[in-house]
Every structure is written in C-alpha cells, then in structure tokens.
Amino acid sequence: MTDFLLLSARAVRLPDRVAGDAVMVGADSVAAIGKRAELREQLPDGATCREEHFDGYIVPGLHDSHIHPVAYTALLTGAPLHQAANLTDIQQMLREAAQRRPGLVTGSNLDEQKLAERRLPTASELDAVIPDRPVIVHRYDGHLAIVNTAALRTAGITARTSNPPGGVIDRDDTGEPTGVLRETAIDLVATAPGIESPVSPDDVATAMRRLAGLGITSIGAMLRTGAGPWAHLGDEVEIVTQAAPGIPIRLHGFVAAETFGQLDTAAERLENAGETMDWAGVKRFGDGSFGSHTAAMFEAFTDLPGQTGVLRLNDHDVAMAHAAVAAGRAVAIHAIGDAAAARVLDVFDHLVREGVEPYRLRMEHASVLANADIDRMGKLGVVASVQPAFLGSEAGWIEQRLGRDRLLRTYAFASLIEAGALVVGGSDSPVESPDPWEAMALCQDRAGVVPAEKLSPQQALDLYTTAAARALGEPEPLANGSPADLIVVDRDPVTCSPDELRQTEVLATFVGGQRVQAASGRWWID
C-alpha cells in the first residue's frame, strides 16, 4: 500500500487557474489536486497519509531553462563583483577571494559601466594586489575577461601572440597585451597548463541547494567539456556528475563539446549519473554579446560605427546539431544579434523540414530579431529561451547601443508568444542573478524598456513552469501522474504586484515528493 503525503495551503496556483487548496502525493508523483477535505476522502482503504499545512500558496516547481551551474558556483566561491563601485573595490574583493582559497583567483559579474572610472581594469592594476598567482576576472556577459600578468605569462601571451580565430587580445600603443581578452581569446588563458578549476563537486551541490531555496526544482544546465570562456573551471560535465548524489534538483545537461567524441563521453556520463540528471542535447554559439559589441548584427552598433559583431556559427556547429537531434535530443544555439538569429532560424527551418519536433530546437537569448524573423520563429514553433534579467541590467544603455528602431524588437517576449514561439525563461547565471521572482517581475514591468512587450502575471509564471517543462522534456507540472516537484511561497505570484513579487519568500521546496534541505541566500555569499 502506498503511503501518501497531503500538502495543503491557502490555494494551489497554476499559471491559468487556482486548483483547490491541496496536493496529494503518492510515492514521488502527484496523485490528485483539489480540496483538502475531498482528497482525504479519496484515500484508499488502509492507506496511511501524512499531512503538512502551510500558510502560503502551492506553486509548480520553477525551471531555470538556461543556467551555467559550475560557473554560478564559481561566482559563489570567488569574488562576485556586481557591487563594485570603483577599481579599488575590485582590488579589495579579489584580495579577499585570494585569502579564502589557494590557486587561481576568479572574479565574476564585472560591469565597467557601474564603476566610477567607467572602464575595465588592466593587468597591471590586478598585479598591484595579486602579482604571483593567475587572476581571471569575467565581465558579466561572459564574453570578455581581464587577466593579470601572471595569467598572461602562464598562457604564454606576449606582444607577438596573434589573435585566435573569433577572438581579440587587446593591446596598448606599444603592442603589449593590456590583460583584456575577448571571446575565444579567453581560452588561451583558461585552457593553459597550470590553470586548475577553483570549483569542487561539493561546491556545486551547495550551489544547487541555493537554487532550491529560490524555488527552482529543475534546470537547463549549460555545460562545457573544457573549452570556452569558463574553461578554467575544467570539465563541467565531470564536475556535475561527480556532484550528482548531492544535487537535490533535476538537471538537464546541454553540452558544449568541441568534438563528437567529447560529446559522446559527456552524454554517457550524464545519462549514468542518476535519475534526476540527463543529457538534454548540445549547446552551440551563433555570436557574442551586446555588452562586448560582439553580437552579430545586420547593421552596425549605434554607439560603435563600423562594428557589426562576430558571427560564430559554422558547419561544425550545424553537424553537432544534427548529431543531437539524430539521438532524439535538443539543440540549443546562442543568438543575441539579429544576424545571428536569422542564421540560427535557417538551421532550425531545415531541421523542422526534416521532421524534428520544434520544442527540441532552442534559440538561447533570442535578444533582437528582425520583425520577419519573429514571425518565422512563431511559424516554426521553436523555443525562444529568454533571460528577462537582461532588461534590468541593460536598461541604462541598450537603446544607445542599438538605436530606437532595433530596441522595439529587442527582448520581444509578447510578440514572440503572439507569433507562436514557445517562450521559456532562464537566468544565464552567473551572467545574471538566478532569482526567478525578480525575472518574473521584469517580464511584467520590463524596467521600463519597451513596455508594449510586457507579459501578464500568468504568462510570466508560465515561462518558468509549464512552457519551460515542455522545452526540457518534462511532464506537465502538477498534473496527475507528474513528478511531485512543487514549492510553497508566501504570496500568490499571479495576483501580487511586480514589486511584491520581488519579495517572494519560498517556504518549502519539494522534488519528487521529498522536501529539499535548501541552502539560504538569494544569490551570492551572504
């Protein structure tokens, strides 16, 4: 006889309706939803039932459809620079991080636009506080890094070092590297011998408990096999699979591998890591970012004439996409600029014609699209994996970078939904905070950026529940027979204001009917 758990609250909130006030859990699945008194009467004869009542609202567990779990962990264990007001703050934060741990010193989420100096630090300024150990500081978008002289020396980067394909080494007037590395140039340091990962499997498990504390029960995990801008973190697939026994949430791994052999090995590791972890598909890159002026644009950036970004998608990326869909998995391709988005849609159009289900084709970010491509994305029915937190970070400068005309089709969440695309929400953490409540609030108020594209509270919640579950291949949340992944929060996320939503407190998190011992802290080190 199955033992049951009856969870009750003020109401059960789904994106489109209120469904009673209780959820009956049998084993690890939802047995029924409705009124507490009625569910009690439905218990089989002789069944045992434990009850828990909360003064809050039961909501489906939230999904972060795009997050970098190992890099997010590095944010927590290194120096989070989001609050730095000037270069002196950066130096002090890095000094403190160096005192906590030996080896490589890392900093994350630097935004030079928030600094009093309004510029990036240099290698010599990092040398002033840490001269004898490699230092890597990442800009918040992950497409630019600043390193110290010890890191340049470790990687063998000198004035004679050529720019790698798809990357740039910034240089001073004499040709010497300044310490600023863009796009694939970051790999030169990140993959250099002697650069060891500062993140352990135990660190990752702790970070994932923090996500559970935010109400996140499932993630689309972007994982690298040892290349790319966060390559200094090591083989992220190996780290998360080693951490699997301590990770309390579901992890769907999208692998950014360089070779088919690496992809096969990573897929096997993920599939054998346990019931709550799987290989979801591949991750590829179409371009860079707005912040680094490397997003691939049809026309030049308004604030940098002549620069149209970097289009990175190539034949090897397309071959990787075909390998994923042939194995019944998904393909996720990063596209920020409108030129990159158009190229990605060309690939998706071809795959749909070959019979690939649209929900397995994901454009990551889908930041700015031509109007015709918004319509094309809807007609294809593919996934727009968007990051509402970008609105909060970029509100002060995005119009200056893109101009008014392009701004009107930037982060066009409402237009994409109306066109027929499957729109899902994620954080891209550590680029942004993984706080889904802030993200859902930004879906509604948009930090004042193109208010016409705002979503309703129901639509915002759907981005992180029902729509996200479909894109990740999970059953409909809180449906009979679905895994009992749910949370209890202190307010109704549909009826409260955006500002109230930002203050949401998660009272309990359940994954597979089991209450998670979540770690505290909304984002960084407390």
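Six strands form an open sheet in the order β9-β10-β11-β12-β14-β13, with mixed pairing. Strands β9 (79-80) and β13 (167-171) are at the edges; each has a single partner strand, so one side of each is left without a neighbour in the sheet. The model is predicted.

- Strands β11 (residues 135-139) and β12 (residues 144-147) run antiparallel and are joined by three bridges.
- Within this part of the sheet, His138 stands opposite Ala145 in β12.
- Helix α3 (residues 87-100) lies across β9, β10 and β11. The helix runs at about 140 degrees to β10.

**Helices α2 and α7**

- Two packed helices are described by the angle between their axes and the distance between the axes.
- For helix α2 (residues 69-77) and helix α7 (residues 201-213), the axes come within 9 Å and cross at roughly 95 degrees. An angle of 65 to 115 degrees counts as roughly perpendicular, and α2 and α7 are therefore roughly perpendicular to each other.
- On the α2 side, the residues that meet α7 are Pro69, Val70, Tyr72, Thr73, Leu76 and Thr77. On the α7 side, they are Asp203, Val204, Ala207, Met208, Arg210 and Leu211.
- The residues of this contact divide into eight nonpolar, two polar and two charged.
- Nine of the nine residues of α2 are buried, so α2 is largely enclosed by the rest of the structure. Among the buried residues are Ala71, Ala74 and Leu75.

**Glu112**

- Glu112 is found in the loop between β10 (105-110) and α4 (123-127).
- The relative accessible area of Glu112 is 9%. Buried means under 20%, so Glu112 is buried.
- The side chain of Glu112 makes a polar contact with the side chain of Arg139, at 2.9 Å.
- Residues up to four places away in sequence aside, Glu112 touches Arg118, Arg119, Leu120 and Arg139.

**Thr225**

- Thr225 has its place in the loop between β15 (216-224) and α8 (236-243).
- Its relative accessibility is 14%, and Thr225 therefore counts as buried.
- The side chains of Thr225 and Gln262 make a polar contact at 3.4 Å.
- Thr225 and Ala256 are 31 residues apart in sequence, but their C-alpha atoms are 6.6 Å apart in space.
- Apart from neighbours within four places in sequence, Thr225 is in contact with Asp235, Val237, Val255, Ala256, Ala257, Glu258, Gln262 and Ala266.

**Asp490**

- Asp490 lies in the loop between β22 (486-489) and α20 (498-501).
- Along the sequence, Asp490 and Tyr57 are 433 residues apart, while in space they are 6.3 Å apart, C-alpha to C-alpha.
- The side chain of Asp490 makes a polar contact with the side chain of Arg491, at 2.9 Å.
- A polar atom of the Asp490 side chain also lies 3.0 Å from the backbone nitrogen of Glu505.
- Not counting residues up to four places away in sequence, Asp490 touches Arg10, Gly56, Tyr57, Gln503, Thr504, Glu505 and Leu507.

Methods. Residues are numbered from 1 along each chain as its sequence is written. This is a predicted model: local features need pLDDT of at least 70, side-chain atom pairs count only at pLDDT 80 or more; totals for chains, interfaces and linings use all residues. Side-chain values use heavy atoms; hydrogens and water are left out. Helices (H or I, at least four residues) and strands (E, at least two) are DSSP runs, numbered from the N terminus. Buried means under 20% relative accessible area, exposed over 50%, partly exposed in between (1.4 Å probe, protein chains only). A polar contact is a pair of N or O atoms within 3.5 Å; within protein, one must be able to donate a hydrogen and the other to accept it, and residues adjacent in sequence count only if both atoms are side-chain atoms. Contact means heavy atoms within 4.5 Å. Axes are lines fitted to C-alpha atoms, for helices over the stretch in contact, and angles run from 0 to 180 degrees between N-to-C directions. Angles under 35 degrees count as roughly parallel, over 145 as roughly antiparallel, 65 to 115 as roughly perpendicular and the rest as oblique. Ala, Val, Leu, Ile, Met, Phe, Trp, Tyr, Cys and Pro count as nonpolar, Asp, Glu, Lys and Arg as charged, and the others, Gly among them, as polar. Two strands pair if DSSP finds at least two bridges between them.
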